[in-house]
Amino acid sequence: MSRTAAEALRAAAFACAAVALALCLVDDRADGPRWDVLAALAAGAACAGAWALTTRGKAVPPPAPQPFRGLPSVLRRNPVDWYAAVGFLLAAVAPFAAYRFAAWGEVHEATAVLGCFALVLWGLLFLPVLGRLLVRRLPERHRFLAQDAKAGEVYAVRFELESGEWIRIIDADNPKLVDPVPTTDQMLKLRDGIGKYYGTQSLRPGFFGQSPIGQFSLFAARFKGEPVWVVWPKRWEQALAVARRGGLPAYPVAMVSETGEMVWGYAALDYTDRYLTDPANLHPTVPGLAARPPRPLPAFRADVHGGLFLRLGAALAALTPVLLDVVSGTASAVLGLLAAGLLVNAPVAASSANTRLPDPDRWRIPPIQDDRVPGGH
């Protein structure tokens with residue numbers, strides 16, 4: 001199935017879910033089965049299942065050959081991921097809608113209001129995240145780099161992208177002996193023209209709003225073995241001064257392919273000065289030429305989406321007796337609360353799995369590095 005068809009299935013699943021939520025929000029409980037809500041939910045489940053089947057194990061396509069036109073002067077922010085934004089909005093509203101529909105008029109008014117109040121607070125927690133998804137504000141140091149590119153000159157070096165690496169490190173002060181939880185990071189392993197290795201890391205997941213893990217992994221898989229440019233600001237001394245005064249001790253960088261795709265990231269201070277102190281690495285940028293972030297390419301992964309689908313299916317199963325009007329009173333409210341709890345947990349579980357479990361088709365996964373012991377393993 002083509003990418004366009006897979007995106008149409010995913011959009012249809014979101015649309016069906018939105019219709020079902022709207023029907024639950026605008027209508028109070030009516031006598032008799034609610035076939036309209038059930039039909040919308042069933043259609044959404046069918047579209048989501050079809051999307052999972054058609055995108056499961058889908059390989060990352062190689063880059064289309066294009067002539068190298070030079071270093072771009074326009075380093076763009078990541079585009080709005082409308083699927084992520086709509087998904088967050090649905091995740092915020094769905095628990096409230098499920099409980100309100102199931103409990104309204106079926107239990108004491110004070111009990112219904114109390115449950116709704118907790119779920120409204122849950123929805124409010126999503127507002128800052130939704131704002132960051134829509135605004136997509138770059139960290140200050142990366143805006144600094146974008147200004148230097150726009151002004152016409154940047155430091156840049158051409159590398160070969162050897163692999164994307166999912167690094168797992170157990171910190172030296174970790175007190176657990178059994179199953180310690182490692183911290184994770186994502187890195188592009190690069191090799192320059194004389195064979196020296198260099199690494200760049202992604203923006204910290206979630207810290208600046210939108211997690212870049214999917215975009216970073218797509219870039220790593222697509223351009224493995226291909227030439228990419230690492231771009232630093234021309235005013236790197238100022239960036240270095242800021243890094244040393246506090247905050248994240250790293251340079252802002254952009255990784256730009258020769259086909260014009262780019263991702264934002266960081267580079268550690270170590271091993272970087274050898275590139276920034278060489279005047280030959282100062283390059284002009286092409287006026288008006290814009291780099292573009294890679295288009296998202298989501299695919300079904302059982303270890304990430306399986307738990308999400310399981311929770312959504314269980315929530316649908318809990319709501320089905322309510323929608324068929326075969327239960328009433330306290331039983332209806334309990335089933336609505338159960339469905340709301342599952343809907344609250346579903347996005348949290350999927351997000352946690354996405355940040356803990358690497359996709360072996362996109363990442364090279366080295367052994368865990370244990371900084372508590374000599375040798376690190």
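**Chatting through the fold, a pocket and a cavity**

Student: What share of the contacts in the protein with a separation of 6 or more comes from residues 24 or more positions apart?

Tutor: That share is 78%, where a contact means heavy atoms within 4.5 Å. Bear in mind that this is a predicted model, in which local features need pLDDT of at least 70 and side-chain atom pairs need pLDDT 80 or more, while totals for chains, interfaces and linings use all residues. Residues are numbered from 1 along each chain as its sequence is written, and side-chain values use heavy atoms, without hydrogens or water.

Student: Got it. How many helices and strands does the protein have?

Tutor: There are 10 helices and 10 strands, taken as DSSP runs numbered from the N terminus (helices are H or I, at least four residues; strands are E, at least two). The C-alpha atoms fill a box of roughly 75 × 50 × 35 Å along the principal axes.

Student: And how much of the protein is buried?

Tutor: Of the 377 residues, 42% are buried, that is, under 20% relative accessible area with a 1.4 Å probe and protein chains only; over 50% is exposed, and in between is partly exposed.

Student: Where does Gln238 sit, and why does Gln238 count as partly exposed?

Tutor: Gln238 belongs to helix α7, residues 236-245. Gln238 counts as partly exposed because its relative accessibility is 40%. The C-alpha atom of Gln238 is 45 Å from that of Ala11, 227 residues away along the chain.

Student: New topic: how many cavities of 30 Å³ or more turn up?

Tutor: The search of the whole structure finds 1. On a 1 Å grid over the protein atoms alone, a cavity is a set of points where a 1.4 Å probe fits but cannot get out; a pocket is an open set with protein on both sides within 12 Å along at least five of seven lines, and lining residues have an atom within 4 Å of a point. The largest cavity has a volume of about 90 Å³, the space filled by probe spheres set on the points, which are joined across faces, edges and corners.

Student: Which element gives the most to the lining of the largest cavity?

Tutor: α1 does, with 4 residues. The lining residues include Arg3, Trp51 and Pro296.

Student: What about the second largest pocket, what volume does it have?

Tutor: About 290 Å³. Its lining has 13 residues, with Met187, Gly199, Gln201, Ala268 and Tyr271 nearest the centre.

Student: Which strand gives the most to that lining?

Tutor: β4, with 4 residues. β2 (153-170), β3 (183-191) and β4 (197-202) each supply at least two.
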